[in-house]
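Dear colleague,

I am passing on the structure below, together with some notes on what was found in it. Please read the notes with the structure open beside them.

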Amino acid sequence: MSEETPLLVPFESYEENAVNIGTQQKSADMARFIDTVREDGLYLLNVNMTDSRIRSIAEFLNRYDSPRIMVVSARQYGQRPARKFAESIGANAAVGRFIPGSLTNPVLRSYVEPDVLFVTDPAADQQALREAVNTGLPIVGIVDANNNLRNVDVALPANNKGRRSLALVYWLLAREVLKVRGATTDEDWAAAQDLEEWQSTF
């Protein structure tokens, strides 16, 4: 490409919301997503890769019927944005404690049969991840500098521990999924969905 595609939001927005702030540990799997290491030892994730992955994951998710997409978040800061993301695109959400057997045991009331699993953090959402692997589901995950990618099929590199980072990532993902469907524009989305509300913990 002769011209670089502009970012989905200004670079400063990613920085202000700490989307690129990784951890002080780096897994071998994540080395290709790391931009640099800060003086305090924090690994910084490559914002351009985060941005392009949001676009490609939006396209990927739109290959599935929305109700067959399962979004999970055990992490407290991911629960509200994960739920709002699921509501926005018509997906299923399981936030808070994931009930064991929800993907594998048909007798449970919480049992669902999704076609794809979206995890907020492969480490925190281990139970759901394990069950998805056992049932052969493709797995999309928001992955931080210290995450292991062994069971993640599609990785979205971003800070998956921060409240503002998770809100921005899910807010953008919802917007891009709906844009692929022709259901919204950047302007309409910003007017209808206040990012600060996605960042709230209440």
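Helices (H or I, at least four residues) and strands (E, at least two) are DSSP runs, numbered from the N terminus. Please keep in mind that this is a predicted model, in which local features need pLDDT of at least 70 and side-chain atom pairs count only at pLDDT 80 or more, while totals for chains, interfaces and linings use all residues. Residues are numbered from 1 along each chain as its sequence is written, and side-chain values use heavy atoms, with hydrogens and water left out.

Because 14 of the 18 residues of H5 are buried, H5 is largely enclosed by the rest of the structure; buried means under 20% relative accessible area, exposed over 50%, and partly exposed in between (1.4 Å probe, protein chains only). Just after H5, glycine 182 takes a positive phi of about 75 degrees.

H5 (residues 163-180) packs against helix H3 (residues 76-89) at an angle of about 10 degrees, with the axes 8 Å apart. Axes are lines fitted to C-alpha atoms, for helices over the stretch in contact, and angles run from 0 to 180 degrees between N-to-C directions. H3 and H5 are therefore roughly parallel to each other, a term for angles under 35 degrees, whereas over 145 counts as roughly antiparallel, 65 to 115 as roughly perpendicular and the rest as oblique. Among the residues that meet are Tyr77 and Phe85 in H3, and Leu166 and Tyr170 in H5, where contact means heavy atoms within 4.5 Å.

Turning to the strands, five of them form an open sheet in the order E4-E3-E5-E6-E7, with parallel pairing; two strands pair if DSSP finds at least two bridges between them. The edge strands, E4 (92-95) and E7, each pair on one side only, and the twist averages 15 degrees from one strand to the next. Strand E5 (residues 116-119) is joined to E6 by three bridges, and phenylalanine 118 has valine 140 in E6 as its bridge partner. E6 (residues 139-143) is in turn joined to E7 by four bridges, with valine 143 opposite proline 157 in E7. In E7 (residues 154-157), Val154 and Leu156 point one way and Ala155 and Pro157 the other way, and all are buried.

Best wishes
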